[in-house]
Amino acid sequence: MTQHAEAGQTEQVSALLAQKFGVARAKADQIAKAVMQSAVKYSLPPSLLLAVIAIESRFREKARGANGATGLMQIVPSSHRKLLKGVKDLTEPTANIEMGSQILHGYVDSAGGNVEAGLRSYGGGKNYVAKVSDQARLFEAKLNDMQAAAGQVSPPADATAQTVPPAPEVGSPVSLDIR
């Protein structure tokens with residue numbers, strides 16, 4: 001995938017966050033960029049990360065939850081002290097998305113690549129997995145619609161093999177790939 005296509009995806013994610021969740025455009029740009037970077041870095045579908053953020057915080061960066069859960073991805077500092085060394089502000093979107101993606105990737109990796117099991121560890125149960133899966137499918141469909149409306153065509157499969165994160169294992173409730 002070219003840098004132009006990646007920039008187009010980031011712009012579409014940003015526009016969607018502004019439209020659907022009322023996120024200010026500059027903040028939507030920051031979140032979209034962090035999501036796309038973390039998706040590539042941790043081999044997680046962008047739709048999955050967006051879904052986790054939507055369920056956890058509805059894109060409110062200052063969100064606070066149970067057990068001290070903080071920020072967009074509702075990271076619990078007491079549960080992840082070692083990973084969070086050097087992170088000064090978990091309400092800062094880029095840091096929160098980076099850490100949340102790293103944590104989610106660790107859970108998926110510990111579950112042998114099973115996204116459903118990783119999501120259960122991240123969020124606590126089957127209902128959480130179902131909510132995230134449903135939301136991820138909605139994000140994927142909306143972004144695909146936006147790409148179609150913009151006249152964008154998916155690149156050939158061999159062109160995406162090196163830069164697009166692999167989809168989660170077959171049969172997983174979250175088998176997503178935004179192009």
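This is a predicted model: local features need pLDDT of at least 70, side-chain atom pairs count only at pLDDT 80 or more; totals for chains, interfaces and linings use all residues.

Visitor: What makes Tyr 122 buried?

Guide: Its relative accessible area is 13%. Buried means under 20% relative accessible area, exposed over 50%, and partly exposed in between, with a 1.4 Å probe and protein chains only.

Visitor: How many aromatic pairs does a search of the whole structure find?

Guide: The search turns up 4. To count, rings of Phe, Tyr and Trp (its six-membered ring) need centres within 6.5 Å; planes under 30 degrees apart are stacked, over 60 edge-to-face, and the rest tilted.

Visitor: Why is the pair of Phe 21 and Phe 139 called stacked?

Guide: The centres are 5.9 Å apart and the planes sit at 20° to each other. Phe 21 is in helix α1 (residues 3–21) and Phe 139 in helix α6, 118 residues apart. Helices here are DSSP runs of H or I with at least four residues, numbered from the N terminus. Phe 21, at 14% relative accessible area, is buried, and so is Phe 139, at 2%. Ring pairs also link these two with Phe 59 into a cluster.

Visitor: What makes the rings of Tyr 107 and Tyr 122 a pair, and of which kind?

Guide: Their centres lie 6.4 Å apart, with the planes at 80°, so this pair is edge-to-face. Tyr 107 belongs to helix α4 and Tyr 122 to helix α5 (residues 115–123). Tyr 107 has a relative accessible area of 27%, so partly exposed is the label.

Visitor: How do you know how enclosed α3 is?

Guide: Count the residues: 10 of its 12 are buried, so α3 is largely enclosed by the rest of the structure. Among the buried ones are Pro 46, Leu 48, Val 52 and Ser 57. Helix α3 covers residues 46–57 and reaches 16 Å from first C-alpha to last, close to the expected 16 Å. That expectation is 1.5 Å times one less than the number of residues. Arg 58 follows α3, with a positive phi near 50°.

Visitor: Why is the contact between Glu 61 and Lys 27 called a salt bridge?

Guide: A salt bridge needs a side-chain nitrogen of Lys or Arg within 4 Å of a carboxyl oxygen of Asp or Glu. The closest N and O atoms here are 3.4 Å apart, so the contact passes. Glu 61, at 17% relative accessibility, counts as buried, whereas Lys 27, at 25%, is partly exposed. The structure holds 5 salt bridges.

Visitor: What does the salt bridge of Lys 41 with Glu 98 look like?

Guide: Its closest N and O atoms are 3.0 Å apart. Lys 41 lies in helix α2 and Glu 98 in helix α4, so the bridge ties together parts 57 residues apart in sequence. Lys 41 has a relative accessible area of 54%, and that makes this residue exposed.

Visitor: How far apart in helix α6 are Asp 134 and Arg 137?

Guide: They are 3 residues apart, about one helical turn. They form a salt bridge at 3.3 Å between the closest N and O atoms. Asp 134 is partly exposed at 43%, and Arg 137 likewise at 41%.

Technical notes: Residues are numbered from 1 along each chain as its sequence is written. Side-chain values use heavy atoms; hydrogens and water are left out. Helices (H or I, at least four residues) and strands (E, at least two) are DSSP runs, numbered from the N terminus.
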